[in-house]
Amino acid sequence: MTDSACRPPLADLVLPCLDEAEALPWVLARMPAGWRAIVVDNGSTDGSADIARSLGATVVHETRRGFGAACHAGLLTARAELVAFCDCDASMDPGLLAPMAARVASGEADLLLGRRRPQGRGVWPAHARAGNLALARMLRRRTGLRLRDLGPMRVARREALLGLDLTDRRSGYPLQMVVRAADAGWKVAETDVPYLPRSGKSKVTGTWRGTWHAVRDMRRVLAEPPGTHPAPAEGVSA
């Protein structure tokens, strides 16, 4: 076997960012070797963009607020064959993405998700876990996929992701990716990843109100009939 066949595949890593100055050094220090970090600043006021740039990341500014808006701006910036996504709050180690990317590159999966396994009490609030469980059940009814988590850490091929024509620009973006992948006949799988105490407060599921808005956005995605392309959801409610 040649060295190139043994070498882990390279990828672009999209990191949606809103006031993550504290977490960025930890996150960027754990980038897989040879990967490019694309930090999408979504209106930070704590100098996150400057810190990311000083640490070697490609920085993209997305003025439209929303998790999906930031993720999609990163996807449009990516140029590598494989694209990974991960939260920028130090709750998940980007180094874990290299073996995940290898599984996608080998054809084992078309979309591989990281199933979060909390490392300690209080890491994953009860309301957020309950919302995630409810969505997983609704996803199963809608697509037949038996996933246990809809976490943000994931890897897929860039051209295939662009072909899904993702339109949600709020909290429903990660779920819409899974739903449309399932509708397109992709092999969707998950693998366990440690879920660590995050740095700072969650912008989406840190409160019951934020969780409710996220669930509402995702219910809207689940209501899409296969093959439909609704207008993008603008702005952010949480």
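Student: How many of the residues of helix 8 are buried?

Tutor: Happy to take this one slowly. This is a predicted model, in which local features need pLDDT of at least 70 and side-chain atom pairs count only at pLDDT 80 or more, while totals for chains, interfaces and linings use all residues. Residues are numbered from 1 along each chain as its sequence is written, and side-chain values use heavy atoms, with hydrogens and water left out.

Nine of the 11 residues of helix 8 are buried, which leaves the helix mostly covered. Buried here means under 20% relative accessible area, exposed over 50%, and partly exposed in between, with a 1.4 Å probe and protein chains only. Helices (H or I, at least four residues) and strands (E, at least two) are DSSP runs, numbered from the N terminus. The buried residues of helix 8 are Tyr173, Pro174, Leu175, Gln176, Met177, Val178, Val179, Arg180 and Ala181. After the helix comes glycine 185, with a positive phi near 85°.

What does the helix lie against? Helix 8 (residues 173-183) lies across strand 4, strand 5 (111-118), strand 6 (154-157) and strand 7, and runs at about 135° to strand 5. Axes are lines fitted to C-alpha atoms, for helices over the stretch in contact, and angles run from 0 to 180 degrees between N-to-C directions. Contact means heavy atoms within 4.5 Å.

Those strands belong to an open sheet of seven, with the order 3-2-1-4-6-5-7 and mixed pairing. Strand 3 (58-61) and strand 7 (188-195) are at the edges with a single partner strand each, so one side of each has no neighbour in the sheet. On average, neighbouring strands of this sheet are turned by 20° against each other, direction ignored. Two strands pair if DSSP finds at least two bridges between them. One example is strand 1 (residues 11-17) with strand 2 (residues 36-41), which run parallel and are joined by six bridges. There, cysteine 17 stands opposite aspartate 41 in strand 2. Another helix to look for is helix 4 (residues 67-77), which lies across strand 1, strand 2, strand 3 and strand 4 (82-85) and runs at about 155° to strand 1.

A nonpolar core is a set of buried Ala, Val, Leu, Ile, Met, Phe, Trp, Tyr and Cys residues joined through side-chain atoms within 4.5 Å. The largest nonpolar core has 34 residues, of which Leu111, Leu161, Leu175 and Val188 touch the most other members. At least two residues of this core come from each of strand 2, helix 4, strand 4, strand 5, helix 6 (126-143), helix 8 and helix 9 (208-222). Helix 8 gives the most, with six residues. Apart from this core lies another, of 33 residues, among them Ala11, Leu24, Val104 and Ala109.

Arginine 180 forms a salt bridge with glutamate 224, with the closest N and O atoms 3.2 Å apart. Glutamate 224 lies in the segment after helix 9 and arginine 180 in helix 8, so the pair ties together parts 44 residues apart in sequence. Glutamate 224 is buried, with a relative accessible area of 7%, and arginine 180 is buried, also with 7%. A salt bridge is a side-chain nitrogen of Lys or Arg within 4 Å of a carboxyl oxygen of Asp or Glu, and the structure holds 12 of them.

The side chains of arginine 116 and aspartate 149 meet at 2.8 Å, N to O. This pair links distant parts of the chain, with arginine 116 in strand 5 and aspartate 149 in the loop between helix 6 and strand 6, 33 residues apart. Arginine 116 counts as buried at 12% relative accessibility, and aspartate 149 is buried at 1%. Arg115, Arg117 and Asp192 are linked in a network of salt bridges.
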